[in-house]
Amino acid sequence: MTYIFAHRGASKYAPENTMSAFKKALEMKADGIELDVQLTKDKIPVIIHDETVKRTTDGKGFVSEFTYNQLQNLDAGKWFSKQFNGERIPTLEEFLIWMKQTKLLLNIELKNTIIPYYGMEKIVYELVDRHTMKDRVIYSSFNHYSLQELKQIDSTVEIGPLYSSGLYEPWNYVKSLSTDCVHPHWRTLHPAILKGFRDHDIKVRVYTVNDPKKIKWLCDQKVEAIITDVPDTARAVADGSLLVKPSVIGNVFHKINPKSYF
């Protein structure tokens, strides 16, 4: 079974990283939610992708320069559609309270590669733990030092390092991080790379895949999860209610001799 994670919620249909997008993903039968966390000036974890508020709100400036109360004055929906006027930037705690009533899994991406947000790992971990959600949460980041910091806090947390480049024998690198799961960009997944992950018992959660043919191929490869903007399409492909011919990702984007890997 391949799990379907809604990327920033059902972000094709509602403004990304808002409660509307998360609720839409649940309606579309996603198995999980992927979302992004930054810290406010007063150290409140809020759900927003960019380091600045400009793209997805009617404000300007860095998230880290706003207090939580100041952020609540911004509109995070009207950029997407008039239908979502008045949407607000949610806090991680607000989301967790809502999620607890569902069976959803959660992938929290720590957005701390540009702004380090010192102490973010402990703040987020303690919030998740306080809401007794640890068993349903996966942490990911492009900042792999941050993921190791989480492991220092609690060796049992599940971490998924994000990457988008052509790493050599990435399964060895993943193992060095004391984890058995990885979150690669779909363009990196030549069939030989997927075989390497399988041979080393590493769970692969792929981002961000919206094309039904690529979703079908990845489901056939039995990846652990697909992270997508269109959870309805991905669910239909995964369940077989939408029939498509698979498109082999590696044949299009890479010329790698599989024999060189084994």
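Tutor: Let us begin with a term: contact means heavy atoms within 4.5 Å. The model before us is a predicted one. In it, the buried residues of α7 pack against β6 (158–163), α6 (170–176), β7 (181–184), β8 and α8 (212–220).

Student: Which residues of helix α7 are called buried, and what makes them so?

Tutor: A residue is buried if its relative accessible area is under 20%. In helix α7, which spans residues 191–199, the buried residues are Ala192, Ile193, Leu194, Gly196 and Phe197.

Student: Why is aspartate 201 called exposed?

Tutor: The term exposed requires a relative accessible area over 50%. Aspartate 201 has 62%, and is therefore exposed. Its place is in the loop between α7 and β8, and it takes a positive phi of about 55 degrees just after α7. Between the C-alpha atoms of aspartate 201 and cysteine 181 there are 8.5 Å, although these residues stand 20 apart along the chain.

Student: How do you know whether threonine 56 is buried or exposed?

Tutor: The relative accessible area of threonine 56 is 5%. The limit for a buried residue is under 20%, so threonine 56 is buried. This residue is found in the loop between β3 and α2 (68–71). Leaving aside neighbours within four places in sequence, threonine 56 is in contact with Glu16, Ile48, Asp75, Ala76 and Trp79.

Student: What lines the largest cavity, and what makes it a cavity?

Tutor: A cavity is a space where a 1.4 Å probe fits but cannot get out. The structure holds 1 cavity of 30 Å³ or more, and the largest cavity has a volume of about 60 Å³.

Student: What makes the largest pocket a pocket, and which residues lie nearest its centre?

Tutor: A pocket is an open set of points, whereas a probe in a cavity cannot get out. The largest pocket has a volume of about 210 Å³. It is lined by 16 residues, and Asp135, Arg136, Val137, Ile138 and Glu158 lie nearest its centre. The elements that give two or more residues to this lining are β1 (3–7), β5 (137–141) and β8 (203–206). The largest share, 3 residues, comes from β5. The lining has 8 nonpolar, 1 polar and 7 charged residues.

Student: How do you know that the radius of gyration agrees with that of a compact globule?

Tutor: For 262 residues, a compact globule would have a radius of gyration near 18 Å. The chain has 18 Å, so the value agrees. Buried residues make up 55% of the chain.

How values were computed: Residues are numbered from 1 along each chain as its sequence is written. This is a predicted model: local features need pLDDT of at least 70, side-chain atom pairs count only at pLDDT 80 or more; totals for chains, interfaces and linings use all residues. Side-chain values use heavy atoms; hydrogens and water are left out. On a 1 Å grid over the protein atoms alone, a cavity is a set of points where a 1.4 Å probe fits but cannot get out, and a pocket is an open set with protein on both sides within 12 Å along at least five of seven lines; lining residues have an atom within 4 Å of a point. Grid points are joined across faces, edges and corners, and a volume is the space filled by probe spheres set on the points. Helices (H or I, at least four residues) and strands (E, at least two) are DSSP runs, numbered from the N terminus. Ala, Val, Leu, Ile, Met, Phe, Trp, Tyr, Cys and Pro count as nonpolar, Asp, Glu, Lys and Arg as charged, and the others, Gly among them, as polar. Buried means under 20% relative accessible area, exposed over 50%, partly exposed in between (1.4 Å probe, protein chains only). The radius of gyration is taken over C-alpha atoms; the globule rule is 2.2 Å times the number of residues to the power 0.38.
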